[in-house]
Amino acid sequence: MNIFKETFTIFKKSFLKLFFIETLFLFSAVLFFNFFRNKVSEYLITAQGYSNLLESSNLSNIIDVNNNLDSLNVIVQKTYIYSFIIFPIVIFLLYVIFQGMSYYLIKKNFSVKKKFNIYLLRFLLSSLLFVFILLLFIRDIIFNEFSILLLVILLLLGYFTILSYYYLDSNLKKIFNLGLKKIYVLLPLTTLLFLFYFSCLLLIFLLLFNFNLLFLLGIILVLFLIIFNKNFIFTYLHHK
């Protein structure tokens with residue numbers, strides 16, 4: 001059977017489930033990111049207020065100075081906890097749970113012997129390094145520090161990570177060899193997948209700030225492309 005026809009047949013089987021999962025994942029990620037950004041901004045504004053108070057404080061009034069320093073320290077600690085503990089953990093859990101379900105449903109079309117919880121555990125372990133680099137990239141974007149090198153590392157790591165989702169029972173050598181052998185086909189496909197996700201996230205941000213039917217239709221179209229792309233990658237890998 002032609003790979004495109006086979007992909008479309010598989011695509012139709014679980015489209016609604018995958019559409020629901022992908023929509024939940026993307027909207028949850030955007031809403032949490034927006035909450036995180038607002039929370040950190042609030043802390044930074046508060047910290048700036050205490051900093052201004054310290055600059056204008058009379059150093060002879062030790063009690064007020066100490067109180068302001070203590071308050072500033074608490075705000076800094078909260079900002080640190082949100083930025084380096086809560087944010088990475090929540091994003092990682094959202095990715096593992098929703099994307100784990102998504103790839104599991106697709107993989108089931110090519111027979112999955114393992115139960116979902118076992119697949120999810122292996123998916124989690126396989127995703128650790130990729131999500132870590134992704135979080136570093138997001139951090140750089142937030143602080144207006146764009147790194148081409150980090151982007152290249154992210155794309156290559158993401159490429160091999162997506163291949164590993166199909167071959168979770170295989171060793172790294174097999175995944176690496178296949179990734180190099182078929183890089184001319186699979187790398188463009190995975191790069192397109194990342195671009196689709198980026199486009200969808202951007203459209204969701206725009207939709208939340210300014211509801212527009214075109215944004216909504218764009219999100220639905222890109223979700224369609226994401227799901228088809230993921231199915232096509234797994235169908236292609238199934239025949240290799």
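This is a predicted model: local features need pLDDT of at least 70, side-chain atom pairs count only at pLDDT 80 or more; totals for chains, interfaces and linings use all residues.
Trainee: Which residues lie nearest the centre of the largest pocket, and how many residues line this pocket?

Mentor: Residues are numbered from 1 along each chain as its sequence is written, and side-chain values use heavy atoms, with hydrogens and water left out. A pocket is an open set of points, on a 1 Å grid over the protein atoms alone, where a 1.4 Å probe fits and protein lies on both sides within 12 Å along at least five of seven lines; its lining residues have an atom within 4 Å of a point. Here the lining of the largest pocket has 30 residues, and those nearest its centre are Leu134, Phe137, Ile138, Phe198 and Leu201.

Trainee: How much space lies in the largest pocket, and which elements give two or more residues to its lining?

Mentor: The space in the largest pocket is about 1100 Å³, a volume being what is filled by probe spheres set on grid points that are joined across faces, edges and corners. Two or more lining residues come from each of helix 1, helix 2 (62-107), helix 3 (116-142), helix 4 (148-166) and helix 6 (183-209), where helices are DSSP runs (H or I, at least four residues) numbered from the N terminus. Helix 6 gives the largest share, 9 residues.

Trainee: How do the lining residues divide into nonpolar, polar and charged?

Mentor: The lining has 28 nonpolar residues, 2 polar and no charged, with Ala, Val, Leu, Ile, Met, Phe, Trp, Tyr, Cys and Pro counted as nonpolar, Asp, Glu, Lys and Arg as charged, and the others, Gly among them, as polar.

Trainee: Which side chains meet in a salt bridge?

Mentor: Side chains of opposite charge can pair when their charged atoms come close. The structure holds 1 salt bridge (a side-chain nitrogen of Lys or Arg within 4 Å of a carboxyl oxygen of Asp or Glu), and its partners are Lys230 and Glu22, at 2.5 Å from N to O. The pair links distant parts of the chain, with Lys230 in helix 7 (residues 213-238) and Glu22 in helix 1 (residues 3-56), 208 residues apart.

Trainee: Are Lys230 and Glu22 buried or exposed?

Mentor: Both Lys230 and Glu22 are buried, where buried means under 20% relative accessible area, exposed over 50%, and partly exposed in between (1.4 Å probe, protein chains only).

Trainee: Why does Arg139 count as partly exposed?

Mentor: Arg139, in helix 3, counts as partly exposed because its relative accessibility is 37%. The C-alpha atoms of Arg139 and Ser83 are 9.0 Å apart in space, and the residues are 56 apart in sequence.

Trainee: Which residues make the nonpolar surface patch?

Mentor: A patch joins residues with over 30% relative accessible area and no salt bridge: like charges within 9 Å, or nonpolar side chains (Val, Leu, Ile, Met, Phe, Trp, Tyr) within 5 Å. In this structure Tyr80, Ile81, Phe84, Ile85, Ile89, Leu93 and Ile97 make a nonpolar patch of about 660 Å², with areas from the Shrake-Rupley method (1.4 Å probe; for residues, only the protein chains shown count as cover). Leu93 is in helix 2 and is partly exposed, with a relative accessible area of 43%.
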